[in-house]
Amino acid sequence: VGAMVQEVYATSPTIREACARGIFGHAATLESDIEAARIKYGVAGNWTAESLARHTQTVLQGAFVMAKAGNDPALARESLDHLDQYIRLL
């Protein structure tokens, strides 16, 4: 979905909107788990479950692009490892 929206976002509002529903919809599925973890572990900070869910989706989409560009799935895993470290630091 991320690759598709990159190609048509300016020329096909219908496809762009469908991709947005997919990307933002997936991010929204993470929000309740993120908020539950934030409460459970007493995490404070100037961020929201919604913003972290969107950031997670941003990293995932970017990781897919990097892995494809480099023809190496290890590049995606590397990005996900960084995301894991970032979340643990929060």
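The expected span of a helix is 1.5 Å times one less than its number of residues. Keep that rule at hand for the third helix on this tour. The model is predicted.

**Whole chain**

From the N terminus on, the elements run α-α-α-α. Show the C-alpha trace: along its principal axes it spans about 45 × 30 × 20 Å. Colour by burial next. Buried residues make up 24% of the 90 residues. Now turn to contacts between residues at least 6 apart in sequence: 43% of them join residues at least 24 apart.

**Helix H1: Met4**

Select Met4, in helix H1. Is it buried or exposed, or in between? Met4 counts as partly exposed, because its relative accessibility is 46%. Beyond its neighbours up to four places away in sequence, Met4 touches Ile15 and Cys19. Met4 and His26 are 22 residues apart along the chain, and their C-alpha atoms are separated by 16 Å.

**Helix H2: Ala27**

Move to Ala27, which lies in helix H2. At 3% relative accessibility, Ala27 counts as buried, since the cut-off is under 20%. Show its surroundings. Residues up to four places away in sequence aside, Ala27 touches Ala53, Arg54 and Gln57. Draw a C-alpha to C-alpha distance from Ala27 to Gln57: it reads 5.9 Å, across 30 residues of sequence.

**Helix H3, end to end**

Select residues 49-70, helix H3. H3 has 22 residues. From its first C-alpha to its last it reaches 31 Å, close to the 32 Å expected at 1.5 Å a residue.

Now pick out the buried residues of H3. They are Ala49, Leu52, Ala53, Thr56, Gln57, Val59, Leu60, Gln61, Ala63 and Ala67. What covers them? The cover includes helix H1 (2-8), H2 and H4.

**Gln57**

Zoom in on Gln57, placed in H3. Gln57 is buried, with a relative accessible area of 6%. Not counting residues up to four places away in sequence, Gln57 touches Ile23, His26 and Ala27.

**Thr56**

Step back one residue to Thr56, also in H3. Thr56 counts as buried, at 11% relative accessibility. Which residues does Thr56 contact, leaving aside its neighbours within four places in sequence? They are Leu30, Leu83 and Ile87.

**The nonpolar core**

Select Ala27, Ile34, Trp47, Ala49, Leu52 and Ala53 together. These six residues make up the largest nonpolar core. Helix H2 (13-40) and H3 are the elements that give two or more residues to this core. The largest share, three residues, comes from H3.

Stay with Leu52, one of the core residues. Leaving aside neighbours within four places in sequence, Leu52 is in contact with Ile34, Trp47, Tyr86, Ile87 and Leu90.

Now display the side chains on both faces of the contact:

- From H3: Leu52, His55, Thr56, Val59, Leu60, Ala63, Met66, Ala67 and Gly70.
- From H4: Pro73, Leu75, Ala76, Ser79, Leu80, Leu83, Tyr86 and Ile87.

**Last stop: Asn71**

Finish just after H3, at Asn71. Asn71 is found in the loop between H3 and helix H4 (73-89). Check its backbone: phi is positive, about 50°, although Asn71 is not a glycine. Is Asn71 buried or exposed? Asn71 is exposed, because its relative accessible area is 71% and the cut-off for exposed is over 50%.

Note on methods. Residues are numbered from 1 along each chain as its sequence is written. This is a predicted model: local features need pLDDT of at least 70, side-chain atom pairs count only at pLDDT 80 or more; totals for chains, interfaces and linings use all residues. Side-chain values use heavy atoms; hydrogens and water are left out. Helices (H or I, at least four residues) and strands (E, at least two) are DSSP runs, numbered from the N terminus. Buried means under 20% relative accessible area, exposed over 50%, partly exposed in between (1.4 Å probe, protein chains only). Contact means heavy atoms within 4.5 Å. A nonpolar core is a set of buried Ala, Val, Leu, Ile, Met, Phe, Trp, Tyr and Cys residues joined through side-chain atoms within 4.5 Å.
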